[in-house]
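User: Hi! I am new to reading protein structures, and I would like to learn it feature by feature. Could you walk me through this one?

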Amino acid sequence: MAADTALGLQEAVVEAASDQRPLRITAGGTKTHAVGRDCEGTPLNVGGHTGIIDYQPSELMLQARAGTPVAELAAAVASEGQVLPFEPPRYGGNATLGGTLACNLSGPGRPWLGSIRDATMGVGLINGRGEQLALGGKVMKNVAGYDASRLQAGALGCLGLITDVTLKVVPAPEQTLTLTFEMDAQQALQTMSEKAATPRPLTAACWLDGRLYLRLAGAASAVQATAASWGGETLTAEHPFWADLRDMSLPFFKGAQPLWRQSTRATEPLQAETGCLIDWAGQQRWYRSSDAPAVEAGHVVLFAGGDRNTEVRGELDPVQQRLQLRLKQTFDPQGIFNPGRLYSWM
Amino acid sequence: MTTTPHTLAPVSADLLRQRLASILPAHCLIEETEAQRPYECDALSLYRELPLFIALPETADQAQAVLQCCHELGVPVVPRGAGTGLTAGAMAHPEGVLLGLAKLNRILDIDPVARTARLEPGVTNLAISEAAAEHGLYYAPDPSSQIACTIGGNVAANSGGVHCLKYGLTTHNLLAVEMLTVEGERVTLGGDGLDGPGLDMLAIITGSEGLLGVTVEVTVKLLPRPEIARVLLAGFDSVSAAGDAVGAVIAAGIIPGGLEMMDALALQAAEDFARAGYPRDAQALLLCELDGTEEEVAQHIDEVSAIFTAHGATSLRVSEDEAERSLLWKGRKSAFPAVGRMSPDYYCMDGTIPRHQVSHVLEEISRLSKKYDLRVANVFHAGDGNLHPLIMYDAADPAQVTRAEQFGVDILELSVAVGGAITGEHGVGLEKLNQMHDQYGESELHLFEDIKAAFDPQLTLNPGKGVPILKRCQEYRALPGKHNHGC
Ligand SMILES: Cc1cc2nc3c(=O)[nH]c(=O)nc-3n(C[C@H](O)[C@H](O)[C@H](O)COP(=O)(O)OP(=O)(O)OC[C@H]3O[C@@H](n4cnc5c(N)ncnc54)[C@H](O)[C@@H]3O)c2cc1C
Ligand SMILES: Cc1cc2nc3c(=O)[nH]c(=O)nc-3n(C[C@H](O)[C@H](O)[C@H](O)COP(=O)(O)OP(=O)(O)OC[C@H]3O[C@@H](n4cnc5c(N)ncnc54)[C@H](O)[C@@H]3O)c2cc1C
C-alpha cells in the first residue's frame, strides 16, 4: 500500500528539533542491532512512507519512498526484465529502501555491479532543521553541487531522514550460472583474482568451507563459452546460495560469536581459514571470532554481536574526524538524528 | 569576462613572494605577466584572469607547504590540473596563488592482482590506461580530453566519458584520495576496500571542483580490457528516429560500451575533418560500441543491427577491425575541433536530460538557434542523455557573445525544465553559478554553502566557484582585501 507520510515525518522532526530531543530513525527494524552502535532516542518510524513514485524502464530510473520494502521494488523491476544492480539484502522481506541506503549493504556482486551508493542518483532528505531537501536528481550524469545523495550511503541516518531515493536500474542478465570448485582459501583467493582480471562475465566470487563459488551472468553466449572453458561443477540458477549469502542467512552468519567485516584489497593476506568467509573476489572478508581480527590493510567493522557501545567502526584520524563531525553539524546542527549510532562522538 | 587589474593583496605581496620562494625552486614559481599568460584561462576562454603568483610544485610536500603558507596569510588558492575544464573552474584569483599540480605526474604503483593504480594528481587520464595495458587492464572513465586532462582534475570534476553509461563516472571508479585541506593538513579519504570508515567522504570530494581540498594522490580501480570491441555506425533521417532506436536498445536489455549521437551539422563537420566515411545525407548519426567477449559482441551486433533497421536506419556499417573502429570514432572524438573550424569560436554547453526528451529538446534548440541567429551543432552522449550543444559565434563581436551566452542559459534552463541537470560532466565553475538557482532551491543551496564552510571556513579555496554563496556573502565581502567572488 503506497502512502505519502512525508509531512507528518517533517512535523515530527521540527518538533524534535525545537525540543532538542534525539530521534532514532527506524524502518523495517532489521538492522537495528547490527551495522552501527546502539543508540538512544525517540523512535521515528519511516516504515509507513511507502510506494513507487516514478519508474521509467527505458530511462533505467526508479524513484520510490524510503519505507518501501526492497522486495517490492525488486518485484516491480523484475516485471520489466530489470534488476536492482546492487543486490540488496531483503532480510525476510522487511528491509526498506531507506534503511538499505543508510546502511549501504550490497550483495555479492558489488565489485562488478556496484553498491546502492553507486546506483543512487538523488534523494529526498529531511535535515535536522526539518527542511525537506531534494538532492541530486533523476539523471545519471549530474555534477551540479556537491554529491550529498551518495553521502547518505552508509551514514546510518546520522545526516537526516531519507524520504525517497532515485536509483539507476539495469537490465536483468540473459543467463546466470554458477561454477563451484573444491579448494582451500589461499588457492581460492588467487583463483578469484586471476579470474577477475580476465574479461569474462564474472559477477560474484565467494569462498566458504573449502569451496569456491563463481557466478557468471550476462549474454547467454558469453556465459556458456566461459563456463565451458573454466570447468568446475555447475549450480543451477535456482540454487539459493547467492540469495542466502546476500541475505546473510547461510549457517555461517548464525550463532552468538561476534561477526566482523573487513573491507580490503584482494591481495590482503587472510587472517584465519576457519570462521572466515571470503566474498567480493577477496575484497570483503567476514570473520566470526571473539576478538577483532588483526589486519594489515583495509578497515574492520564489528558488524553484529559483541559490545555495541564501543566504536564498532574503529578509530578515525583526527583530521578526518574533524571533517566528518563538521559535515554532521552541517546537516544536523543540533545532533538530533541517531546520536552515537555511527560513532560515539557523532 | 574581462581581466581585472592586477592589484596587490593586503598581505604584502613581498612577504608572500618570500615565503613561496623559500618553499619552491625558482623554476616552480611564476610571477611575470608574460610567463603567466598560458595560465590565464581554462578551455573556456571567455573568462580570463591572472593570479599574483603561479606555484607549480614538484612534490606533494611542496604543495602542502604552499597551502600552509597561503592559509597563514589568508591568501586565496586556486587548484589547477591541465586546464582543460570548460567552466572557468580553474580560473585564477587576482589576489591569490594558482596552484598547478601538473608536475606531480608520477604513476606510483600499478597492482595487477588487486587491479588498482596509485597516481599523483597530474597523471593524465590516458597515461593510466597506457600504463595498465601491459597487464590487460585499463581505467574506464575516458573524457574526450583524456590525452591532456589530469586524474586530479577528473576527481574534481567527476568526469565522465563515452564509457560511462556502462562503466560509470569517476565517482564509481575511485578507491582513495589523499587530500590536502585548505589548512594544509594531509588526509586519506577512502582506502584499500570498496568502502571506508564513517561518512562517505569520497562521495563529497568527487565533483567538488577543487572547493573542498587539493588532491595529491588518487587510487583508482582498473578493469580487465574487454576481449573485443566493435562499433556500429547508423544514419537516420530524423533525430527522433535515432532517439527511439537508442531507447529500444536499452529496452532490449543491452547496455552498450558507448552510445553517441551527432546531428546533421555536427556530422558534416566531423566528416570534413576526419573523413571517416559518415553518411553525409543523414539527419542524425548513432555510434554504438559493443564490447565484451567475442561471443557476446557477435550476439549484440546482430541484435542492435536488427533494432536499428527496425527503427528506420538509412545506413548501417559495422567496424571489421581495430583500424576501422578507431576511424569511426575519430570523427566523434574530434567533433569539437571540427566544429571549431566552421566558426571563429564556439561555446560548448553541457546539460543532461532524460533520454525520451531528446527530440523535444533538439527541436527547441533549433528554434532558439533561429531566435538568436547563431548556428548550433549537437554532439551528445545519447546513452545517458548528456547533451553538448556547440553554439557557434564570433568573439570579436560583443553582440554575438551576449547572444551566445543567453542561448546557453536557455539551454540549461530547458534541461532542468524537462527533468534534467545544468551540468552532466563539466561542472558549475564560474560559468553556471546563476543556473544553480534553476536546479536547486534555497535550502539545498544553503546546504551546499554550509558544506563548503565545513571544509573551508574562510572560503579561500577556489573562491567564487561551484556554489553560489548566499548568506555568508555579506560578511565575506566585508573582509578586507577579499576579491568579489561572484555572489
Ligand atoms: C546478519 C543479519 C541477518 C539478518 N537476517 C534477518 C532475517 O533473515 N530476517 C529478518 O526479518 N531480519 C533479519 N535481520 C534483521 C534485519 O536486517 C533488520 O531488522 C531490518 O531489516 C533492517 O532494515 P530496515 O530497512 O528495516 O532498516 P532499520 O533496521 O530500521 O534501520 C537501519 C539503519 O538505517 C537507518 N534508517 C532506516 N531508514 C532510514 C531512513 N529512511 N532515513 C534515514 N535513516 C534510515 C536507521 O536509523 C538505522 O540506523 C538481519 C540482520 C543482520 C545484521
Ligand atoms: C575538448 C574537450 C573535451 C572534453 N570532454 C570531456 C568529457 O568527455 N567528459 C568530461 O567529463 N569532461 C570533458 N572535458 C572537460 C575537462 O577536460 C574535464 O573536466 C577534466 O576532468 C578537467 O581536468 P583538468 O586536469 O584539465 O582540470 P582543470 O581544468 O585544470 O581543473 C578543473 C577543476 O578541477 C580543479 N582541480 C584540478 N586539479 C585539482 C586537484 N589536484 N585538486 C583539487 N582540485 C583540482 C580545478 O580547480 C577546477 O575547478 C572536456 C574538455 C575539453 C577541452
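Analyst: Happy to! We begin with aromatic rings: rings of Phe, Tyr and Trp (its six-membered ring) pair if their centres lie within 6.5 Å, and planes under 30 degrees apart count as stacked, over 60 as edge-to-face and the rest as tilted. One aromatic cluster here is formed by F252(A), F253(A), W286(A) and F303(A). Before we go on, a word on the source: this is a predicted model, where local features need pLDDT of at least 70, side-chain atom pairs count only at pLDDT 80 or more, and totals for chains, interfaces and linings use all residues. Residues are numbered from 1 along each chain as its sequence is written, chains are lettered from A and ligands numbered from 1 in the order in which they are written, and side-chain values use heavy atoms, with hydrogens and water left out.

User: How many aromatic pairs does the structure hold, and how do I describe one?

Analyst: A pair of aromatic rings is described by the distance of the centres and the angle of the planes. Over all chains, the structure holds 13 aromatic pairs. Take F241(A) and W242(A): their ring centres are 5.0 Å apart and their planes stand at 80°, so this pair is edge-to-face. Now look at Y343(A) and W345(A), with centres 4.7 Å apart and planes at 5°, so that pair is stacked.

User: Is Y343(A) buried or exposed?

Analyst: For that we use relative accessible area: buried means under 20%, exposed over 50%, and partly exposed in between (1.4 Å probe, protein chains only). Y343(A) has a relative accessible area of 0%, so Y343(A) is buried.

User: Next, charged side chains. How many salt bridges are there over all chains?

Analyst: Side chains of opposite charge can pair when their charged atoms come close. The rule for a salt bridge asks for a side-chain nitrogen of Lys or Arg within 4 Å of a carboxyl oxygen of Asp or Glu. By this rule the count over all chains is 41. One example is a network of salt bridges that links E34(B), R37(B), E40(B) and R48(B). In it, R37(B) pairs with E40(B), with the closest N and O atoms 2.8 Å apart, and also with E34(B), at 3.9 Å from N to O. E40(B) is buried, with a relative accessible area of 10%, while R37(B) is partly exposed at 33% and E34(B) is exposed at 60%.

User: Which parts of chain B does the pair of R332(B) and E260(B) tie together?

Analyst: We need one more rule: helices (H or I, at least four residues) and strands (E, at least two) are DSSP runs, numbered from the N terminus. The side chains of R332(B) and E260(B) meet in a salt bridge, 2.7 Å from N to O. R332(B) lies in helix α11 (residues 322-333) and E260(B) in strand β13 (residues 258-263) of chain B, so the pair ties together parts that are 72 residues apart in sequence. R332(B) counts as buried at 3% relative accessibility, and E260(B) does too at 2%.

User: How do I read the interface, and what area is buried between chain A and chain B?

Analyst: The size of an interface is often given as the accessible area lost when the parts come together. Buried area is the accessible area (1.4 Å probe) that two parts lose on being put together, summed over both. Between chain A and chain B this is about 6400 Å², and carbon and sulfur atoms give 58% of it. On the side of chain A, K141(A), V143(A) and Y146(A) lose the most area to chain B, together 16% of what that side buries. Counting contact as heavy atoms within 4.5 Å, 74 residues from chain A and 85 residues from chain B take part.

User: How many salt bridges cross this interface?

Analyst: The rule finds 10 salt bridges across the interface of chain A and chain B. In one of them K141(A) meets E425(B), with the closest N and O atoms 2.9 Å apart. As for secondary structure, α9(A) gives the largest share of the side of chain A that touches chain B, nine residues.
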